[in-house]
Amino acid sequence: MTPAHLIATLLGVGHIRPAPGTWGSLVALPYAWLLHVIGGFPLLVIGILVAIPLGWWATARYTAGGPDHDPGEVVIDELVGQWIALLPLSYAAWSMQIPILSMWPGWIAAFALFRLFDITKPLIIGWADRQGGPFGVMLDDIFAGIFAALGVMALAALYHGVL
């Protein structure tokens with residue numbers, strides 16, 4: 001396996017069937033937790049900023065010359081999107097100095113909302129997916145992660161009586 005293959009498939013996780021995108025999102029959770037525990041919110045942001053160009057590169061290399069610009073086994077984009085969906089939790093835990101796992105309902109919401117938006121591709125998420133190539137592969141999950149993060153914040157506001 002090439003480095004591009006290992007990165008694009010998250011060390012082979014993308015080959016798990018059925019629903020490789022869901023498996024990629026699940027695997028992203030403990031990695032996000034680890035980054036948060038080691039360096040808090042700033043390290044998770046750095047992880048996202050590193051994973052986006054790395055995922056773009058790996059996807060471009062992995063799909064080069066192939067007929068499918070977005071094969072199911074490419075799940076690095078799910079990791080990026082899932083990490084974005086978790087940003088509100090990481091920020092809240094880091095800024096208030098509380099254990100991030102104590103926000104477990106938010107983790108479930110972030111996972112469920114990200115998968116919902118990634119699968120259904122509403123609005124700009126679908127537009128990004130139709131762009132094709134590694135750009136579209138990464139961008140639709142970035143937007144799905146943003147939508148999920150906004151959903152997590154809205155649900156937290158409702159739960160805590162802010163809204």
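**A walk through a predicted helical model**

Helices here are DSSP runs of H or I with at least four residues, strands are runs of E with at least two, and both are numbered from the N terminus. Across the protein chain the average pLDDT is 95, and 99% of the residues score at least 70.

A bit of housekeeping: this is a predicted model, where local features need pLDDT of at least 70 and side-chain atom pairs count only at pLDDT 80 or more, while totals for chains, interfaces and linings use all residues. Residues are numbered from 1 along each chain as its sequence is written, and side-chain values use heavy atoms, leaving out hydrogens and water.

Now for the record. UniProt, in an unreviewed entry, lists "domain: YutG/PgpA" at residues 6-155; its positions follow the numbering used here, feature names are shortened, and annotations may be inferred rather than shown by experiment. Residues 6-155 are 76% helix and 0% strand, with end C-alpha atoms 35 Å apart. The unreviewed UniProt entry also places "transmembrane region" at residues 28-52, 98-117 and 142-162. Residues 28-52 are 100% helix, and their end C-alpha atoms lie 14 Å apart. For residues 142-162, helix makes up 86%, and the end C-alpha atoms are 27 Å apart.

Let's zoom in on alanine 92, which sits in helix 3. Is alanine 92 buried or exposed? It counts as buried because its relative accessibility is 14%, and buried means under 20% relative accessible area (exposed is over 50%, partly exposed is in between; 1.4 Å probe, protein chains only). Setting aside neighbours within four places in sequence, alanine 92 is in contact (heavy atoms within 4.5 Å) with Ile98 and Met103. Phenylalanine 41 is 51 residues away along the chain, yet its C-alpha atom is 8.6 Å from that of alanine 92.

Next, look at the loop between helix 3 and helix 4 (104-120), where you'll find proline 99. Proline 99 is exposed, because its relative accessible area is 59%. Between proline 99 and valine 37 the C-alpha distance is 8.7 Å, although they are 62 residues apart in sequence.

Finally, find tryptophan 33 in helix 2 (residues 20-63). With a relative accessible area of 33%, tryptophan 33 is partly exposed.

Conventions:
pLDDT is the predictor's confidence in each residue, from 0 to 100.
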